[in-house]
Amino acid sequence: MATTVTPFLMFQGACEQALNLYVSLLPDAAITRLERWGPGQAGPEGQVSQATFTLGGREYRAFDSPPVHAFTFTPSWSFFVDCADEAELERLYAGLLEGGEALMPLGEYGFSKKFGWVNDRFGVAWQLNLP
């Protein structure tokens with residue numbers, strides 16, 4: 001069996017909502033597997049016990065962690081998205097910024113035509129680039 005490396009996102013109760021947002025905004029994106037905690041299992045019933053999803057054709061995994069942790073996501077790890085055009089960049093920026101926080105507003109920073117960096121409402125960081 002080949003060794004695989006897959007990025008994994010750990011949410012605390014908002015996994016399904018986050019994945020639904022991501023696949024609604026990004027092209028070539030889908031939730032390919034979603035399982036929920038059931039009665040008597042380790043996590044709250046109905047929350048995500050295992051999920052697999054694709055963004056831009058790449059596979060990721062995620063779940064809702066049963067224990068509450070003293071940590072969450074940090075901008076030191078982010079999704080970096082090269083957008084096809086300015087309209088896509090602005091659409092993604094607006095959709096991910098809703099309820100989130102701008103780390104770098106959309107602008108020209110010298111290393112691309114246009115760039116923006118946001119933490120979405122789930123705390124996940126996104127760098128959006130127009131190369």
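Okay, let's start with a serine: a polar atom of the Ser-112 side chain sits 3.2 Å from the backbone oxygen of Lys-114. Before I go on, keep in mind that this is a predicted model.

Is Ser-112 buried or exposed? Its relative accessible area is 14%, so Ser-112 counts as buried. There's a side-chain partner too: Ser-112 makes a polar contact of 2.9 Å with the side chain of Asn-129. If you skip the neighbours within four places in sequence, Ser-112 is in contact with Asn-129 and Leu-130.

Now, Lys-114 turns up again, this time with Glu-90. The side chains of Glu-90 and Lys-114 are joined by a polar contact of 2.7 Å. Glu-90 is in helix H2, residues 86–97. With a relative accessible area of 35%, Glu-90 is partly exposed. Again setting aside neighbours within four places in sequence, Glu-90 is in contact with Leu-106 and Lys-114.

Take Phe-11 and Phe-73, which form an edge-to-face pair, 5.2 Å centre to centre with 65° between the planes. That pair links distant parts of the chain, 62 residues apart: Phe-11 belongs to strand E1 (residues 8–11), while Phe-73 is in the loop between strand E4 (58–64) and strand E5 (78–82).

Phe-11 is buried, at 3% relative accessible area, whereas Phe-73 comes out at 21% and counts as partly exposed.

Next pair: Trp-77 and Phe-79. Their ring centres are 5.0 Å apart and the planes are at 80°, so that one is edge-to-face as well. Here Trp-77 is partly exposed at 39% relative accessibility, and Phe-79 is buried at 4%.

Which residues do the ring pairs link into a cluster? Have a look at Phe-11, Tyr-22, Phe-53, Tyr-60, Phe-73, Trp-77, Phe-79, Phe-122 and Trp-126.

Terms used: Residues are numbered from 1 along each chain as its sequence is written. This is a predicted model: local features need pLDDT of at least 70, side-chain atom pairs count only at pLDDT 80 or more; totals for chains, interfaces and linings use all residues. Side-chain values use heavy atoms; hydrogens and water are left out. Rings of Phe, Tyr and Trp (its six-membered ring) pair if their centres lie within 6.5 Å; planes under 30 degrees apart count as stacked, over 60 as edge-to-face and the rest as tilted. Helices (H or I, at least four residues) and strands (E, at least two) are DSSP runs, numbered from the N terminus. Buried means under 20% relative accessible area, exposed over 50%, partly exposed in between (1.4 Å probe, protein chains only). A polar contact is a pair of N or O atoms within 3.5 Å; within protein, one must be able to donate a hydrogen and the other to accept it, and residues adjacent in sequence count only if both atoms are side-chain atoms. Contact means heavy atoms within 4.5 Å.
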